[in-house]
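Visitor: Hi! I'm new to this one, could you walk me through a few spots?
Guide: Happy to, let's bring it up.

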Amino acid sequence: MGNTKVFEPLKKVALAALFFSLFGCGGGGDGEVQSSSDTTPPVISVMGDNPATVEQGETYSDAGATADDAVDGSVTVTTTGDDVDTSKVGTYTITYVATDAAGNEASASRTVKVQAAVTKSDTTPPVITVLGDNPTQISQGQTYKDAGATADDDVDGSVDVVTTGSVDTNVTGDYTMTYEATDSSGNQATATRTVTVVQSQGPFVSIEQGLSSISMLEGDEKIIAFVVKFIDGNAAEYGVQLEQSVMPASGVSYTSNYPNGGWLAAEDNSWVVNVTLNAVTAGEYTFTSVVNLVETGQTMTLSLPITVTDTASRSSMKLSTPGTDKDAITLGQTEELIVSAKVTRTTTAPETLTLEQVDEAGTGVIATLGSLRDDGIAPDIVARDLVYTGLHTVSKNSIGELYYRVTNGEIKSGVHTLSVTQLPTSVAPSDFSALITDESGNQIFSNELLVKFVDVTSEDRIQEIVASENGTIVGTVLSLGIYQLQVETNNSLSRLEQVIESLQTYSEVDYVEYSVLASIDAYPNDSEFLNQSNMTTIRADKAWYISSGDTLVGVVDTGIDYTHADLDSKIIKGIDSVSGDDDPMDENGHGTHVAGLIGAESNNSDGIASVAWNSKILAVRGLGGSYAALVSAIRYSADRGTKVVNISGGGYVDSVSLNRVIDYASNKGALIVSTAGNDASNKRKYPCYYEQTLCVGNATDLDERASLSNFGTWVDIAAPGENARSTQLGGGTSIKSGTSMAAPLVSGSAAVIWTQHPEWEPKQIRERLLRSGKSVDEALLIGTSRVDLFEAVFNGGFEIGDLAEWETSGTASSITELGSLRPPSGNRMALLSTGPEEDQAETTLLKSFTIQPGVTELTLELTYNFLTEEYPEFLGSPFDDILLITLTLPDGTQQELARDSVNDSEFTLIDGIDFSGGDDTVGHIGFKNVSLTIPVTQGQGEYRINISDSEDDLYDSVLLIDDIVVK
């Protein structure tokens, strides 16, 4: 093609020369031929309707160009410039050049931009198909295998399905399998399958162990009850055998009252087996129980984890990495820092911690800087909460980092890094006039980006890169390596995307992301509903007799009205990351409402009551602005020593920066509580979705899903956030609803639990809240449970299954059933077992608690049932089993709550239960309720519930106890 185009003009030049030589007009006497002057360049036509913009990965074929000249006609076009590589984002220029025979030149160009592929707007969720003809009802002991589900999407085709839930065919009840699918645009769909396990109609054997796990000290002895249950179904006689073992075998020894050869049974029966464990050597062990139905070969296996520690390990503490209220300091300036560190895993707290400046690796001490104290004297906020705080003055005249740790002399913390910089040391206020909406409806600051540079990048190089993109560094969160950039886009999303694409081409850039509006998660409600039913629903009113919290809670929100009469004595002023100053005054009202639910003044005959009303609240404004402000606020709250950080808001856009700060705060020993959102959808809300966050859904007072609550398998726990009355901006109270009102109930509950156990770590608080909560329908997808504060702090219903809040001697366990007997309240009840002969002759269950100041009387309620092998054969004999429940007052006097004995109480026979020793008859008194009101005149003091089952060393007896309530 090139040769042809060159030949045509050459041929025309030759013919023209011939014409002039033969027929030249005018010619001179010498016969010379004259040529005309050509000074006009060719005219180039760029061909085709080529796109100016293509997406990455698309095919691009250039249409080229043609050129024409007035003298020469068609002229050759040479194409130069860039080749368009659609595999790489960038801007490419193609140049076309044409030169005529007289040397006149013309050029033209075409610009092609290759941009990152844009996901087409997809708002339709996948369609889930639940597979298989799985039974909705099966019998105990049968095998169940779920057939799963598939999902398809109009845009993405086949979509992965995440299945949660399980069916325990050994235990009767309803089980829910949940299937969740998410397409590439974030649209979610869920489906469920419900399976009911009913009592077996044929021979079936099962076993239940009384504790979910055991922790022991070397030399300790622990007795645990196992309940072996047999269901007959056809009146034939079957043999039931039990095998138990511990692995590794050398660290824990055990004895059991299991009868040699097992049991023979021709009808339904349950047997209680007492096993005494002795801790020999520190380590991790597994106690395995295998029950076997001889004739059918059916088996069931349970594993009980046992942790044995030595004295040194039991008392060793853990020190969190310290934090500083300022994220960085300015080059050449002298600044005062508030330094905080947390102590966990010990109840024997040190008087002080020592702050040290160390090298980057933490191996060498540069200087000893002073002490941190936990005395409640400023800058420390709450005394004896195991958060240690102190002041440190620092200055440095060179850019770089300073490194700090704390120690008690033997144990050392991790290393905290403090940057010294000439850049801004906090985030800047965002420009709300620059808010735009993307295709998914998210509000984004069009002139702001969050950038993380590779750690080794110098400040000079960072500023050079930013300047080359016409940007400005207006803020930083240097502890996370995050830079807040301001860029000029004229409110154009496409221009913002171009800047992102350009920044991503630098090897020094780790990631670039939008700065999204962090919105709140509440909506107003004008109902005249005046009481606080949410407090009674979570049983906070009962928990207040025992604890009202004494923990520092960080409220990262729209600020707090710290002049409010019910809040002014509770608020510690933090920072305002949205406006970029040190005044966290509420400008919206949302944060004031949230703070009042957590820690408003209570028990003062005025206003409202809060969950943790003896706690302090750190006010930090971080919602209502950009993600940059939210990240900065969470960082500050964690480093200031808060144990709980409540975030009643966020956004629907995932963020690396936001995820990083949640991990940062968790590693500093804070429990992060956040909201699922109020859009009645399963769209993921951040930071609620992140694994480290305790994600809260909104429930009604009847434990249904609130109409606007978001939902999904990623929601952890529910709380009643409808019609919540709390403090309002400017004074007084108002009612609001939403997940924003549910989350502070969880945060306040966490504060109360942490006051009881200041040595606990966040994961222990999280587990206690989840496991002690009231079960909710899993199909609602607002969490596995609804928070129950009284259960969490008192553990009266024994729902957790570990009896961790009780001191025990003898055989004390927690079970779901004994024969035909079920818990009067909840899913579990305590079992105390004694005898026979060589076994424990008395079992004690002891609970100590402290009544709060101002309480003038105490009402204690409980439900119990006394069962004994001695009825009826020893009725009226000297062998008389006795049950005694007492309450010991602070002055040492005792109040008797209940007394029963074989000779003095009314018993009836109960079928299907057999205890070791004696015959096969068991009597019980049936479940009884006890209620006793006691005047409290001694003020604050310690009370002890003592439950003892004393017997005569002849035959076994059992006490079942449940639903202990203080009010």
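Visitor: Which residue in S7 is the bridge partner of Val-97?
Guide: That is Ser-107. This is a predicted model, by the way.

Visitor: How do S6 and S7 pair, parallel or antiparallel?
Guide: Antiparallel: strand S6 (residues 90–99) and strand S7 (residues 105–115) are joined over ten bridges.

Visitor: What sheet are they in, then?
Guide: An open sheet of four strands, in the order S2-S7-S6-S5, with mixed pairing. Strands S2 (53–55) and S5 (77–81) are at the edges; each has a single partner strand, so one side of each has no neighbour in the sheet. On average, neighbouring strands in this sheet are turned by 25° against each other, ignoring direction.

Visitor: Which way does H7 cross H10, left-handed or right-handed?
Guide: The crossing is right-handed. The axes of H7 (residues 590–599) and H10 (residues 739–756) come within 8 Å and cross at roughly 35°.

Visitor: Which residues meet there?
Guide: From H7 there are His-590, His-593, Val-594, Leu-597 and Ile-598, and they meet Ser-740, Met-741, Pro-744, Ser-747 and Gly-748 in H10. By class, this contact has five nonpolar, five polar and no charged residues.

Visitor: What about Thr-755, what does it contact beyond its neighbours in sequence?
Guide: Leaving out residues within four places in sequence, Thr-755 is in contact with Ser-547, Gly-549, Asp-550 and Thr-551. Thr-755 lies in helix H10 and is partly exposed, at 27% relative accessible area.

Visitor: Changing topic: how many aromatic pairs are there?
Guide: The count comes to 14 aromatic pairs. In one of them, the ring centres of Tyr-871 and Phe-907 are 5.6 Å apart and the planes are at 25°, so the pair is stacked.

Visitor: Why does that angle make the pair of Tyr-871 and Phe-907 stacked?
Guide: Because planes under 30 degrees apart count as stacked, and the planes here are at 25°.

Visitor: Where do those two sit in the chain?
Guide: Tyr-871 is in the loop between strand S56 (857–868) and strand S57 (882–888), while Phe-907 is in the loop between strand S58 (894–901) and strand S59 (908–909). The pair links distant parts of the chain, 36 residues apart.

Visitor: Is Tyr-871 buried or exposed?
Guide: Buried, with a relative accessible area of 16%. Phe-907 is buried as well, at 6%.

Visitor: Which residues do ring pairs link into a cluster?
Guide: Tyr-686, Tyr-689, Tyr-690 and Trp-714.

Visitor: One last stop: where is Ser-419?
Guide: Ser-419 is in strand S32 (residues 416–421). At 9% relative accessibility, Ser-419 counts as buried. Not counting residues up to four places away in sequence, Ser-419 touches Asp-327, Ala-328, Ile-329, Gly-400, Glu-401 and Leu-478.

Key
Residues are numbered from 1 along each chain as its sequence is written. This is a predicted model: local features need pLDDT of at least 70, side-chain atom pairs count only at pLDDT 80 or more; totals for chains, interfaces and linings use all residues. Side-chain values use heavy atoms; hydrogens and water are left out. Axes are lines fitted to C-alpha atoms, for helices over the stretch in contact, and angles run from 0 to 180 degrees between N-to-C directions. A crossing is left-handed if the near helix is turned anticlockwise from the far one by less than a right angle, and right-handed if clockwise. Contact means heavy atoms within 4.5 Å. Ala, Val, Leu, Ile, Met, Phe, Trp, Tyr, Cys and Pro count as nonpolar, Asp, Glu, Lys and Arg as charged, and the others, Gly among them, as polar. Rings of Phe, Tyr and Trp (its six-membered ring) pair if their centres lie within 6.5 Å; planes under 30 degrees apart count as stacked, over 60 as edge-to-face and the rest as tilted. Buried means under 20% relative accessible area, exposed over 50%, partly exposed in between (1.4 Å probe, protein chains only). Two strands pair if DSSP finds at least two bridges between them.
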